[in-house]
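User: I would like to learn how to read the features of a protein model, one at a time. Could you take me through this one, giving the general idea before each case?

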Amino acid sequence: MILIVDKRESVLKHRAGAILIERPGEKRQSVPLEQLEQVIVYGNPSVETAVWRMLAAKGISTTLLPLRGRSEPVVLGASLATRLPLRKAQHRCADRMASVVSVARWLVAGKLHSYHPLLQERAENGEVSDLHARFGEYCDRALEKLEQTSDLETIRGIEGGMAREWFSLLAEWLPSGMKFGGRNRRPPRDPVNALLSLGYTLLYSEMRQLVVASGFDPSMGFLHREYPGRESFVLDCCERFRCGVDRLVLDLVGGEVLQSDDFYYRKEEGCRLAKRGRPLFYDAWAAHLRRWPDPERTGDDASPPQSLRQRIGQHLSQLREQVLQAVDDG
């Protein structure tokens, strides 16, 4: 269950393993914590401290989204896990450039591979253009270049170039009325970027919970530079899953589930999903979480669908092996 709180006069309390939601003139609602997997809060409702404490203790990803202004989303979670050996290995790995390069190379290769299933699906439907072919060729060349380089900045440059090529192709696939000309944010200036920013924020929230629970240090990244206040390792881990967000946005906008009048635009806030469009997005997001696209699926793959959390768990397990191997090799 995903709990969305977006009414200004909401009051949230914790009672006997449940969140109570009270609103003037409405019947009190009770949501059992055991049934929750994500909480999304818009604006500034009144919330008891006990609610935040229990959400953190249960490991339920919680995202605070601003209603207006240019303030950034906030992700809440539990404190660092107690698996010190893994964190120590992660820090040793981050202190050796050869090890950092090895892990960063693996992360970018995974992101490049993650787009292949979607490209293949579009090709099977006869939707191949010059930009489509160019992006596929870029990915193939980039994978070859990754194997040959030992320079971290080159690896970061490959990832940045891939992102530019991808968003150019995405713009071709999307309706022209959405005015998507590439990635922009802080604030997003068009409906597609508003959805991408929201989707990436929710992905980050899910990822952070599982990164911490697995024992990694969320701030000690390899691909993303260290920066005060930024959890670079969580961003590293998100890269392989961004295509899943992009695919959902493509389905919602390209399939006209969400249209331009489901958004509003203000100069200071940029473009935002309007209240009437939120149920459509979150219904689709909840279904998408349970059947997250497999970044390594092939056309004849008949494996059963898995949730985002299952796929993240597999990814973090593989990443753990990469980190430990990089330390051993160093």
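**Reading a predicted model**

Analyst: Let us begin with one residue and its contacts, where contact means heavy atoms within 4.5 Å. Glutamate 159 touches Val108, Lys111, Leu223 and Glu239, not counting residues up to four places away in sequence. This is a predicted model, in which local features need pLDDT of at least 70 and side-chain atom pairs count only at pLDDT 80 or more, while totals for chains, interfaces and linings use all residues. Residues are numbered from 1 along each chain as its sequence is written, and side-chain values use heavy atoms, with hydrogens and water left out.

User: Where is glutamate 159 found, and does it count as buried or exposed?

Analyst: A residue is called buried under 20% relative accessible area, exposed over 50% and partly exposed in between, with a 1.4 Å probe and protein chains only. Glutamate 159 is found in helix H6, and it counts as buried because its relative accessibility is 17%.

User: How are helices and strands defined, and how many does the protein have?

Analyst: They are DSSP runs numbered from the N terminus, with helices (H or I) of at least four residues and strands (E) of at least two. The protein has 11 helices and 10 strands. Its radius of gyration is 20 Å, close to the 20 Å that the globule rule gives for 330 residues, so the protein is as compact as a globular protein of that length; the radius is taken over C-alpha atoms, and the rule is 2.2 Å times the number of residues to the power 0.38. Of the 330 residues, 52% count as buried, and among contacts between residues at least 6 apart in sequence, 64% join residues at least 24 apart.

User: How is a pair of aromatic rings described, and how many aromatic pairs are there?

Analyst: A pair of aromatic rings is described by the distance of the centres and the angle of the planes. Rings of Phe, Tyr and Trp (its six-membered ring) pair if their centres lie within 6.5 Å, and planes under 30 degrees apart count as stacked, over 60 as edge-to-face and the rest as tilted. By this rule the count comes to 11 aromatic pairs. Tyrosine 115 and phenylalanine 135 form an edge-to-face pair, 5.7 Å centre to centre with 80° between the planes. This pair links distant parts of the chain, 20 residues apart, with tyrosine 115 in the loop between helix H3 (97-114) and helix H4 (116-124) and phenylalanine 135 in helix H5 (residues 130-148). Both tyrosine 115 and phenylalanine 135 are buried. Elsewhere, Tyr42, Phe281, Tyr282, Trp285 and Trp292 form one aromatic cluster.

User: Which residues of H4 are buried, and what covers them?

Analyst: In H4, the buried residues are Pro117, Leu118, Leu119 and Arg122, and their cover includes H3, H5, helix H6 (152-173) and helix H9 (242-254). Glycine 126, whose phi is positive, near 80°, follows H4.

User: What does phenylalanine 167 contact, leaving aside its neighbours within four places in sequence?

Analyst: Phenylalanine 167 lies in helix H6 and counts as buried at 11% relative accessibility. With those neighbours left aside, phenylalanine 167 is in contact with Phe180, Gly182, Arg183, Leu196 and Tyr200. Phenylalanine 167 and aspartate 246 are 79 residues apart in sequence, and their C-alpha atoms are 9.5 Å apart in space.
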